[in-house]
2 protein chains.
Amino acid sequence: MIPADDRGFTLGDGLFETLLAVDGEPRLWDAHLSRLQRGCAALALPSPDADACRAAAAQALEAAGLAVGRAALRISWTAGSGGRGLDRPAAPAPRLVATAAPAPRPGVPVRLHTASIRRNDGSPASRLKTLAYLDNVLARREATAAGAEEAVMLNTRGEVACAAAGNLFWLRDDVLSTPELSCGALDGVVRARILERAAGDGWRVLETRAGPEALQGADAVFVTNSLGGVRPASAVDGHAFASHTATVRLQALVRDAV
Amino acid sequence: MIPADDRGFTLGDGLFETLLAVDGEPRLWDAHLSRLQRGCAALALPSPDADACRAAAAQALEAAGLAVGRAALRISWTAGSGGRGLDRPAAPAPRLVATAAPAPRPGVPVRLHTASIRRNDGSPASRLKTLAYLDNVLARREATAAGAEEAVMLNTRGEVACAAAGNLFWLRDDVLSTPELSCGALDGVVRARILERAAGDGWRVLETRAGPEALQGADAVFVTNSLGGVRPASAVDGHAFASHTATVRLQALVRDAV
């Protein structure tokens, strides 16, 4: 339970991480914790203690009976209680909350639908997993209403930013591209891992700015996140993609992580 | 207390209203309830029951010992618990939370600072009081860090949208202007009341789109909201405004409401 005056609840003033845990072991723990700490710096929040996070995570997995199997571990870190309206208290006392739920392997491939709701690249929050995720909820709703499973979010300039719950990559003429973070793309942990490893595996990789035509004209499109790893798109706005031999090679890059 | 799986907490999936209550009586109750209902329609949430809201408000005022004096009443309406990640459950069971706090009359005049964080006019949430209010928190932080009390938020095209916690009006050559809602302006209850009454009181009123130069070039600038009514700005980004005779007349338009 959370106090009703928690600023995470009242204002979305906080951050979260979603991690995959397998048999009680969180994957990419250091990368997730590091992103949470960078997010705290961006929001001017004190950082959580790493040991406290780890202990809370273990407790959440145990409480949910998920010490075995695949679990979605969620760590929330809020600005805590108090303050006056929008203003935080002089010394915020953040609140740590960890929960766990079963995480069956998500279905593949994924049908994508471009949402009308734009991603606010004019806010640092667009690069962070914040408790103010309503635009993502609404974008996902648009996608499911259109018969798709996930949304493509464009930024305020109409450039591709990311998915509602993940990052986007596309392959064309053997170049693997993903939007720059400044497009309003979430700074995804799996995205970072792919960028870190792809060149060493012989990929030509590009962080770029591109309109939605880049997806339509691609040879393959992928959604990446911590729970699903690398999932190929079968369609973007009804434009179908055949399965691509590069998929397995891309998935292999992060096999240890997801 | 709120369950940790409430979507208001985990994702900012919900709405709120902040009302002024004086001696136990909420001001502009119908207007606030109507806005909450319109917000529910925009977010595809079931609407709250009006009687339940009223009862929760009365209970919150009593629990806080605020049956006498000025109180800030907050009604939150969340998408409730459950669902899977971003996806709401098939039949959301929203949660109603009401709280009350003392509401001393806010200080005047107000120094304004234009925040670097943009308001996402590309999302319907920009017109609503949603639980995903982090951009407003960050904009206010920028303003207070710059020695001001409130932020001017520009939209993604660089047009004036609204304040972090209120709407903006400006007066020039006897024309009273405020940004159109499509600029990403909050659909403010006091804003609506002013627009409804100003023409009958002899004002020339304009809902418009304008860049920040409109504020710098104005004869007077005002911040409006439910707790503060109409507050004149003493400065915008260091550009000072003398007190203006129109202020009292504008305040009189909503005297019954604040």
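Contact here means heavy atoms within 4.5 Å. On that basis, residues 24 or more positions apart account for 70% of the contacts in chain A with a separation of 6 or more. This is a predicted model, in which local features need pLDDT of at least 70 and side-chain atom pairs count only at pLDDT 80 or more, while totals for chains, interfaces and linings use all residues. Residues are numbered from 1 along each chain as its sequence is written, and side-chain values use heavy atoms, with hydrogens and water left out.

**Fold and dimensions**
- Chain A has seven helices and 13 strands, both taken as DSSP runs (helices: H or I, at least four residues; strands: E, at least two).
- The radius of gyration of chain A, taken over C-alpha atoms, is 18 Å, close to the 18 Å that the globule rule gives for 258 residues, so chain A is as compact as a globular protein of that length; the rule is 2.2 Å times the number of residues to the power 0.38.
- Along the principal axes, the C-alpha atoms of chain A fill a box of roughly 50 × 40 × 35 Å.

**Burial and surface**
- Of the 258 residues of chain A, 56% count as buried, meaning under 20% relative accessible area (1.4 Å probe, protein chains only).
- Chain A exposes about 9,900 Å², of which carbon and sulfur atoms supply 52%, with areas from the Shrake-Rupley method and a 1.4 Å probe.

**Relation of the copies**
- A rotation of 180° with 0.0 Å of shift along its axis superposes chain A on chain B, with an RMSD of 0.0 Å, by least squares on the C-alpha atoms of residues with pLDDT of at least 70 in both.
- The two copies are thus related as by a two-fold rotation axis.
- Both copies use the same surface, since 100% of the contact residues of chain A recur in chain B.

Technical notes:
Chains are lettered from A and ligands numbered from 1 in the order in which they are written. Buried means under 20% relative accessible area, exposed over 50%, partly exposed in between (1.4 Å probe, protein chains only).
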